[in-house]
Amino acid sequence: STLAKELMRFLAPRSALLLTLLTPSTPFLSPLSPAAHLPSSFRGARPARASTLLPSSTLTPPPAPTTSDTTAYDCDENAECVAVDKCDDVECRTSLDVRIHNVWYDLSGWRKAHPAGSHWIDWYDGRDATEVMDAFHSEKARNMYQRLPRSDPKVVAQLEAEAEPDSEATKNFRELRRQLEEDGWWERDVWHEVKLLSIWSGLGLSAAYLSHTDLWGSWPLSVFLLGLFFTQSGWLGHDYVHGVDKWTDRLRQLTTAFAGLGVTWWSDKHNKHHALTNEVGVDEDIATDPFLYTWAPDPKHDSPLRKIQHLIFYVPFSALFALWRVDTLSVAVEAVEEKRPGAKEELWILMAHYFVVLSVFPLSVFLPSVLLSGLMSALIVTPTHQSEEMFETYQSQWAEAQFLSTRSAKTSNPFSEWIWGGMQYQLEHHLFPTMPRSKYPLLKPILEKFAKDNNIEGGYRESGEFEILKMNWELYKKVAEAEPVVGAPYSRGHGQLGAIINGNSPAAAQAAKLG
């Protein structure tokens, strides 16, 4: 009791500052109504119907405008659009056509208002974005897009003639998502979240106390607990950054405040990984060279380190969290300069994070804990994709691509189930990233059945937690022993990266045809 009082007296002024900056307008933790409990088995029972998320197929859009040879539209961030002349004295606007749920929308007047940046809109020009819209966006956003202008019928006719048709698996996946939404799978179990937050906060408080004692073994134990705290801050924050409910709205900056990993940086990098998983030149999660290669590179992109990467992999793994922190600060400053919404508040939270953490923890504890958390995080996140299919071209059947490029891990004990932070259900997360991770264990048998029923190549891919690490290490060894390959794709852009930035997509050719 006395030790607890002393600890709270030491931490109170520092933690109060951090929490005040974290939530300037709303409480950091405020009570929400408990969510409906899921059944112990998905057979014969379903979760309570959701009241906060409607399936997009049931939404009734208002009458939408349509672009034409003479008319275009300018739209704001709320998808409120006004008609404008398509041509001025200098040039005529080119349409930017994206298909969502079998309807083509001209997003040329809205691209600059897109919260995640115009490059995402450009990348899907002439392509289907149904799964990306459904997987990553809130109910509000999924209502808004239906107010945007419809594409010119003449453009639609040409695009449909050349667009790849939806596969049966894609159609079935959309129906599966509709059913899950209708059955309430996005309702968050608040008591489960409180349990996870209690364990997490206990790690941080224990690490803080031990870092200021002279007890035998207090230093390595403090480093270990703080490393676990940072790692779990990442997993909790990962769930909350993806989330689209009120609980996650309140806790979205948790990873910024307690792990030093900014939401803006995370969203920009991580959403690209989710939308274009294992697509070479676009997915930054597989662009780990020159320290680690997952395929034999072109000689001009090779490194002497590749030959020993299977022997030194733990070094770049350990540096992961530190590199993420540096990237976060760089993106946070750029976001302020670009006047992105919420950028200043996020930078203040990052500054508060370092002030509090470096006030509470000696550098002898903080620095090794960052390396430890990097090692733990890398051991968990890297093997779930790197040993699976890599794509050199755009994958139009998004759901099938997730099955082909993702492997889940089967944990063997309660500690592993906890420390993996939901990432062991990697396929569940990739297909339904905004779903609370507490639902994933029940979702697993549904996806296993879906893979079987739809003849997905390789089915539901899963390996034991140690087997999947061994597979990843064997890949590093195989690539280390391989000779470089002239013409091998470059991990940081071999056509696709330029396309996502410059809008070099199929619709550009269509626009040229239409004059």
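Modeller: Residues are numbered from 1 along each chain as its sequence is written. The model is predicted, so local features need pLDDT of at least 70, side-chain atom pairs count only at pLDDT 80 or more, totals for chains, interfaces and linings use all residues, and side-chain values use heavy atoms, without hydrogens and water.

Biologist: What is the average pLDDT of the chain?

Modeller: The chain averages a pLDDT of 81, and 78% of the residues score at least 70; pLDDT is the predictor's confidence in each residue, from 0 to 100. Over residues 1-8 the pLDDT stays under 50, and the model has four contacts for them beyond four places in sequence, a contact being heavy atoms within 4.5 Å. Residues 494-515 also have a pLDDT below 50, with 45 contacts beyond near neighbours in sequence.

Biologist: Why is H429 called buried?

Modeller: Buried means under 20% relative accessible area, exposed over 50%, and partly exposed in between (1.4 Å probe, protein chains only). H429 has a relative accessible area of 3%, and is therefore buried. H429 is placed in helix 20 (residues 426-431), where helices (H or I, at least four residues) and strands (E, at least two) are DSSP runs numbered from the N terminus. Apart from neighbours within four places in sequence, H429 contacts H238, H242, H270, H274, M423 and Y440.

Biologist: What makes R174 and E131 a salt bridge?

Modeller: The term requires a side-chain nitrogen of Lys or Arg within 4 Å of a carboxyl oxygen of Asp or Glu. For R174 and E131 the N to O distance is 2.7 Å, and the two side chains meet in a salt bridge. R174 lies in helix 6 (residues 168-182) and E131 in helix 3 (residues 130-136), so the pair ties together parts 43 residues apart in sequence. Both R174 and E131 are buried. The two residues also belong to a network of salt bridges linking R99, D128, E131, E160, D166 and R174. The whole structure holds 24 salt bridges.

Biologist: Why is K444 called buried, and why does E462 count as partly exposed?

Modeller: K444 has 16% relative accessibility and therefore counts as buried, whereas E462, at 26%, counts as partly exposed. The side chains of E462 and K444 meet in a salt bridge at 2.7 Å, N to O. This pair links distant parts of the chain, with E462 in strand 6 (residues 462-464) and K444 in helix 21 (residues 440-453), 18 residues apart.

Biologist: How many aromatic pairs are there, and what makes F313 and Y314 edge-to-face?

Modeller: Rings of Phe, Tyr and Trp (its six-membered ring) pair if their centres lie within 6.5 Å; planes under 30 degrees apart count as stacked, over 60 as edge-to-face and the rest as tilted. The count comes to 20 aromatic pairs. F313 and Y314 lie 6.0 Å centre to centre with 80° between the planes, and the pair is edge-to-face. F313 is partly exposed at 21% relative accessible area, and Y314 counts as partly exposed at 44%.

Biologist: Why is the pair of F403 and F450 called stacked?

Modeller: The ring centres of F403 and F450 are 5.9 Å apart and the planes stand at 15°, so the pair is stacked. The pair links distant parts of the chain, F403 in helix 18 (residues 398-405) and F450 in helix 21, 47 residues apart. Both F403 and F450 are buried. One aromatic cluster is formed by F136, F173, W186, W398, F403, F432 and F450.
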